[in-house]
Amino acid sequence: MTVEQIQQFLDRETVPQGKIIRFEMKKRNPVRGLIVKGKDYNELKEKNFWRIVTQTHLVEYSKTQNINLAKIFSGTDFAKLSLVSNKAED
């Protein structure tokens, strides 16, 4: 996906309480989590990189706001974004 496509999704969809984003990937299993805005958000976004806190680290991140819990993903690897509930995947 392009930066514009991802930004359109983020502008259009507000992530309500209890929901997270499902990142369908082109060459690997889907990832669930949230895009976080660190100090380098705009710099990463220009290069189509996104800092994502995965579902497994969300509880700890919400308590500590530790940006080191996030991983950086390339937007070109995304095939589709959608909102899903924040519970274990079926």
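Of the 90 residues of the protein chain, 38% count as buried. The model is a predicted one, and the values reported here were computed from its atoms. The accessible surface of the protein chain amounts to about 6,000 Å², and carbon and sulfur atoms account for 47% of that surface.

The secondary structure consists of three helices and five strands. Read from the N terminus, the order of elements in the protein chain is α-β-β-α-β-α-β-β. The radius of gyration of the protein chain is 12 Å, close to the 12 Å given by the globule rule for 90 residues, so the chain is as compact as a globular protein of that length. Along the principal axes, the C-alpha atoms occupy a box of roughly 30 × 30 × 25 Å. When contacts between residues at least 6 apart in sequence are considered, 62% of them join residues at least 24 apart.

Salt bridges were examined next. The count for the model comes to four, and three of the pairs, those of Arg12, Arg22 and Lys47, are described here. The side chain of Arg12 forms a salt bridge with that of Glu13, with an N to O distance of 3.8 Å. Arg12 has a relative accessibility of 57% and is therefore classed as exposed, the cut-off being over 50%.

A second salt bridge links the side chains of Arg22 and Glu24, at 2.5 Å from N to O. Glu24, with a relative accessible area of 25%, is partly exposed.

The side chains of Lys47 and Glu43 also meet in a salt bridge, with an N to O distance of 4.0 Å. Lys47 is exposed, since its relative accessible area is 52%. For Glu43 the corresponding value is 48%, which places Glu43 in the partly exposed class.

Arg32 belongs to strand S2, which spans residues 31-35. With a relative accessibility of 12%, Arg32 counts as buried. Its side chain is placed beside two backbone oxygens. A polar atom of the Arg32 side chain lies 3.3 Å from the backbone oxygen of Ser85. The backbone oxygen of Lys87 lies 3.0 Å from a polar atom of the Arg32 side chain.

Ser74 is part of strand S4, formed by residues 71-74. The relative accessible area of Ser74 is 17%, so this residue is buried. The side chain of Ser74 is joined to that of Thr76 by a polar contact of 2.7 Å. Apart from neighbours within four places in sequence, the residues in contact with Ser74 are Asn48 and Phe49.

How values were computed:
Residues are numbered from 1 along each chain as its sequence is written. This is a predicted model: local features need pLDDT of at least 70, side-chain atom pairs count only at pLDDT 80 or more; totals for chains, interfaces and linings use all residues. Side-chain values use heavy atoms; hydrogens and water are left out. Buried means under 20% relative accessible area, exposed over 50%, partly exposed in between (1.4 Å probe, protein chains only). Helices (H or I, at least four residues) and strands (E, at least two) are DSSP runs, numbered from the N terminus. A polar contact is a pair of N or O atoms within 3.5 Å; within protein, one must be able to donate a hydrogen and the other to accept it, and residues adjacent in sequence count only if both atoms are side-chain atoms. The radius of gyration is taken over C-alpha atoms; the globule rule is 2.2 Å times the number of residues to the power 0.38. Contact means heavy atoms within 4.5 Å. Accessible areas come from the Shrake-Rupley method with a 1.4 Å probe; for residues, only the protein chains shown count as cover.
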